[in-house]
Amino acid sequence: MMTWLAEFWGYADAQVEGATLRDAARLSELHAASFHRGWSEQEFEDMLSQRNTLVHRLRLGRRIIGFVVSRMAADEAEILSIAIDPGYRGRRLSRELLQTHLGHLAGRGVKTLFLEVEENNQPARRLYDHFNFAVVGRRERYYRQPDGEQLNALLMRRDLS
């Protein structure tokens, strides 16, 4: 269910729902548009087929405009990736997507959630700050850019219980 904010932006019909194998190609496109090493359609098919992986898509009408994917182990999970179509960024749609995803993780017994984020990725950092993720570690030169530059990663954690 979308909030007043989505209605304000004109996205009241946006829906967050479980992704299916049929979505793999579109999820791969979104990932490639968001990260310099995009995941293949086959990688998404593999993730969508695993019982310990939870994938939600954000759909506007018939078009998938975002996704989030997490891997679960016992009572912990890690967000592996979250992406929004470049044409829809900056409209806080990722908040709706992540809010729904967090609720489903908690419903599956996840108590602690982790993620890694590039230290200078301010839009992602604002999103995670909004949801009270805390920095618990740092990995120096973890991400390699196409030009060879190496960027730091922050390890973040949030309790769901």
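**Contacts, buried residues and a pocket**

Biologist: What makes the link between the side chains of His 56 and His 101 a polar contact?

Modeller: The two side chains are joined at 2.8 Å. A polar contact is a pair of N or O atoms within 3.5 Å; within protein, one must be able to donate a hydrogen and the other to accept it, and residues adjacent in sequence count only if both atoms are side-chain atoms. The value of 2.8 Å falls within 3.5 Å, so the term applies. The model is predicted: local features need pLDDT of at least 70 and side-chain atom pairs count only at pLDDT 80 or more, while totals for chains, interfaces and linings use all residues. Residues are numbered from 1 along each chain as its sequence is written, and side-chain values use heavy atoms, with hydrogens and water left out.

Biologist: Why is His 56 called buried?

Modeller: His 56 has a relative accessible area of 3%. Buried means under 20%, exposed over 50% and partly exposed in between (1.4 Å probe, protein chains only), so His 56 is buried. His 56 lies in strand E2 (residues 53–60); helices (H or I, at least four residues) and strands (E, at least two) are DSSP runs, numbered from the N terminus. Among the residues that His 56 touches are Val 16, Phe 67, Leu 97 and His 104, where contact means heavy atoms within 4.5 Å.

Biologist: How do you know that Asp 85 is buried?

Modeller: Its relative accessible area is 11%, which is under 20%, so Asp 85 counts as buried. Asp 85 is found in the loop between E4 and H4. Its side chain makes a polar contact of 2.8 Å with the side chain of Arg 26, and a polar atom of that Asp 85 side chain lies 2.8 Å from the backbone nitrogen of Gly 87.

Biologist: How do you know that the buried residues of H5 line one face of the helix?

Modeller: In H5 (residues 122–130), Ala 124, Arg 125, Leu 127 and Tyr 128 are buried. Seen down the axis, these buried residues fall within an arc of 160°, so they line one face; the arc is that of the directions from the helix axis to the C-beta atoms. Pro 123 and Arg 126 are exposed on the other side of H5. The buried residues of H5 pack against strand E4 (76–84), helix H4 (93–107), strand E5 (112–118) and strand E7 (150–159).

Biologist: Which residues are buried in H3?

Modeller: Phe 44, Met 47 and Leu 48 are buried in H3 (residues 41–49). Their arc is 95°, so they line one face of the helix.

Biologist: What makes 18 residues of the lining of the largest pocket nonpolar?

Modeller: Ala, Val, Leu, Ile, Met, Phe, Trp, Tyr, Cys and Pro count as nonpolar, Asp, Glu, Lys and Arg as charged, and the others, Gly among them, as polar. The lining divides into 18 nonpolar, eight polar and 10 charged residues. E4 gives the most to this lining, with seven residues.

Methods. Lists of a residue's contacts leave out its neighbours within four places in sequence.
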